[in-house]
Amino acid sequence: TAGAALTYTGGLPHSADEAGQRGLGAEQAAALSRFWKSQRVRVRESLLSQSRWEPGLRGLSWRVDLHTAASRGDAAHSGPVALMELELGRAGQDSEFVCLEFDEAKVNQVLKKMADIQQSIDRIVPRT
């Protein structure tokens, strides 16, 4: 109704009865539902960009190089090396680039840590 105050907290109502309990009419609940379905991604991205204090990962590229003992002058450092470039940035700002170099042992350490992170995420939010 025109001029009526609307107070709404929580998720979207799942039924007309629930909408009524929250002070929403059926038309208001339907309009809110249509808006949310069409704008959910934009709303989420906007909220994330406004709430992020640290730069986010915009991109990642990598390659593997094979350094020989002759090219480095040190037999202890021969073998494959993973080179990774991270593109970091905040909304509305230019990107920053960070380049990392990993030998095989460091790659294995990173993979173990990533597996630990995935396990933690899976405990919090089980996959469906």
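Let's start with Trp62, which sits in strand β1. At 63% relative accessibility, Trp62 counts as exposed. Here, exposed means over 50% relative accessible area, buried means under 20%, and partly exposed lies in between, using a 1.4 Å probe and protein chains only.

Before we go on, a word on where this comes from: this is a predicted model, where local features need pLDDT of at least 70 and side-chain atom pairs count only at pLDDT 80 or more, while totals for chains, interfaces and linings use all residues. Residues are numbered from 1 along each chain as its sequence is written, and side-chain values use heavy atoms, leaving out hydrogens and water.

Back to Trp62. Together with Leu57, Leu60 and Val64, Trp62 forms a nonpolar patch on the surface, with about 480 Å² of accessible area in total. Patches take residues with over 30% relative accessible area and no salt bridge; nonpolar side chains (Val, Leu, Ile, Met, Phe, Trp, Tyr) are joined within 5 Å, and like charges within 9 Å. The areas come from the Shrake-Rupley method with a 1.4 Å probe, and for residues only the protein chains shown count as cover.

Now the sheet. In which order do the strands lie? The order is β1-β2-β3, in an open sheet of 3 strands with antiparallel pairing. β1 (56-67) and β3 (96-102) are at the edges with a single partner strand each, so one side of each has no neighbour in the sheet. On average, neighbouring strands are turned by 20° against each other, ignoring direction. Axes here are lines fitted to C-alpha atoms, for helices over the stretch in contact, and angles run from 0 to 180 degrees between N-to-C directions.

Two strands count as paired if DSSP finds at least two bridges between them. β1 and β2 (residues 79-89) are joined by 11 bridges, and His67 stands opposite Gly79 in β2. Between β2 and β3 there are 7 bridges, again antiparallel, with Glu87 opposite Phe97 in β3. The hairpin of β2 and β3 has 6 residues between the strands, and in this hairpin Gly92 takes a positive phi near 80°.

What lies across β2 and β3? That is helix α4 (residues 104-124), running at about 115° to β3.

How many salt bridges does the structure hold? There are 2, where a salt bridge is a side-chain nitrogen of Lys or Arg within 4 Å of a carboxyl oxygen of Asp or Glu. One links Lys112 with Asp116, the closest N and O atoms being 3.0 Å apart. Lys112 and Asp116 are 4 residues apart in helix α4, so about one helical turn separates them. Asp116 is partly exposed, at a relative accessible area of 28%. In the other, the side chains of Asp65 and Arg63 meet at 3.0 Å, N to O, and Arg63 is partly exposed at 48%.

Let's visit helix α2 (residues 26-51) too, where we find Phe35. Phe35 is partly exposed, with a relative accessible area of 44%. Leaving aside residues up to four places away in sequence, Phe35 touches Arg40 and Val43, contact meaning heavy atoms within 4.5 Å.

Finally, the whole protein. The 4 helices and 3 strands follow the pattern α-α-β-α-β-β-α along the sequence. Of the 128 residues, 12% count as buried.

Notes
Helix = DSSP H or I, 4+ residues; strand = E, 2+ residues; numbered from the N terminus.
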